[in-house]
Amino acid sequence: MAKSCDLPVGPAPSASANDNSRTPPFGSALRIPQYDTIEEIEMGNGCTQAVTDLVSSFSADDLSGPRLLHAARVIARAIYRNASAKTRDTFGAFVRGDTDVLIVHDLFAVPNNLEPTPNDCSPSLQSRLFALGVAGLTFDCGHQPCAVSNENHGLYDRHVRSTAGKESEPSSAGGAEIGPHTEHSSRYHGDWGQFSPQIDTICLAGLRNIDNEPTGFAALEEVLRYLPEKSISALLRPDFAMAPPDSTDTARSASHMPILYRRNGLLESAYRADKVGVPPIPEARQAIDDLNSAIHSAARSVILRPGTACIARNPRCYHWRDKVKNPSRWLVRGFGIAPSTAAIFSNPDRPDLVHY
Ligand SMILES: O=C(O)CCC(=O)C(=O)O
Ligand SMILES: [Fe+2]
């Protein structure tokens, strides 16, 4: 594995449990490339330059609605055209579900004249447009860029940076620690009693990170190797509650939720360590403790330097961060949804907006 990804704390996950090892169906003469759950790639100079030039040519109108989907396709094409054959294969591995976390270096180049933070203003257009690099990468990885209706004012580009007056908040607008989570784990779509799909991908990209402060992550595939069977069973039961993240406009919690569930033949997870409600059942308490220590055992980290992006299949990867030390740190975040996900798109002029 990879250069800037730290090695997991604790023993290396055992290779035998790796789902990605495939037996060629037509005998051993056929070489089938194998992909890891976590991959790391570097874009060439040509790509970095093309994406940097292209994103700055768009306007604020291109950050939402049909224009966002169009811009994502244009940028996805520029990335793809400038990518090596191996990089294209890596995107394909993410599309197929072989890879759940993809770290991409030099996706774009960030000039050092971004406005200082914390401030209490909306980000400048120059800063906002880097989200289109995230949207293009999301598209290359088989997902459509999307925003959530009750968060971030329905805007696609979410800026993870301290805002004046909110420096100590445990959310993307502040700098406090955020525990391990998947995005929109409370899955409240307004359909009482229904489990709504989570957001399919989260992509975070660095704009400024002077002190190289890391983002932690743990792929579910690796977390499961550390979880006792008994706790997996307890986490599959719909016994838990989940409050929404601090960034959403709704305060309504979801109840009777499982932490692990099956979808498309795979286990997925919906979890926010800071917001989970645990029933007074000893097995459930034990399972949450085991999950937290399994996440710790499978923990890796990435430093999102300017131009480094990390796209993760949200229900198959937990992420988190420690308290931010340097308040000038700035990441841009964009969500993605798989074309096959049965989300609710309530406004034809905003096909990018997922209604929760
Ligand atoms: O600040 C970070 O490194 C992660 C923030 C985060 O969890 C998010 O924006 O979803
Ligand atoms: Fe997050």
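What share of the contacts in the protein chain with a separation of 6 or more is accounted for by residues 24 or more positions apart? In this predicted model, such residues account for 81% of those contacts, a contact being a pair of residues whose C-beta atoms, placed from the backbone, lie within 7 Å. The model is read with local features needing pLDDT of at least 70 and side-chain atom pairs counting only at pLDDT 80 or more, while totals for chains, interfaces and linings use all residues. Residues are numbered from 1 along each chain as its sequence is written, and chains are lettered from A and ligands numbered from 1 in the order in which they are written.

The protein chain has 8 helices and 17 strands, taken as DSSP runs numbered from the N terminus (helices: H or I, at least four residues; strands: E, at least two). Of its 356 residues, 46% are buried, that is, they have 20 or more other C-beta atoms within 10 Å of their own, with C-beta atoms placed from the backbone.

In S16, 7 of the 8 residues are buried. Pairing of strands requires at least two DSSP bridges between them. S16 is joined to strand S6 (residues 201–208) by 7 bridges in the antiparallel sense, with Leu204 bridged to Arg333. Strand S4 (residues 158–161) also pairs antiparallel with S16, over 4 bridges, and here Arg161 has Trp330 as its partner.

Strand S8 (residues 240–242) meets S12 over 2 antiparallel bridges, and Met242 stands opposite Val276.

Turning to the helices, the axes of H2 (residues 65–81) and H5 (residues 131–140) come within 7 Å and cross at roughly 75°; axes are lines fitted to C-alpha atoms over the stretch in contact, and angles run from 0 to 180 degrees between N-to-C directions. The two helices are therefore roughly perpendicular, a label for angles of 65 to 115 degrees. The residues of this contact divide into 11 nonpolar, 3 polar and 2 charged, where Ala, Val, Leu, Ile, Met, Phe, Trp, Tyr, Cys and Pro count as nonpolar, Asp, Glu, Lys and Arg as charged, and the others, Gly among them, as polar. Among them are Leu68, Ile75 and Ile79 in H2, and Leu132, Leu137 and Phe139 in H5.

How values were computed. A residue is buried if 20 or more other C-beta atoms lie within 10 Å of its own, exposed if 12 or fewer, and partly exposed in between; C-beta atoms are placed from the backbone. Two residues are in contact if their C-beta atoms, placed from the backbone, lie within 7 Å. Angles under 35 degrees count as roughly parallel, over 145 as roughly antiparallel, 65 to 115 as roughly perpendicular and the rest as oblique.
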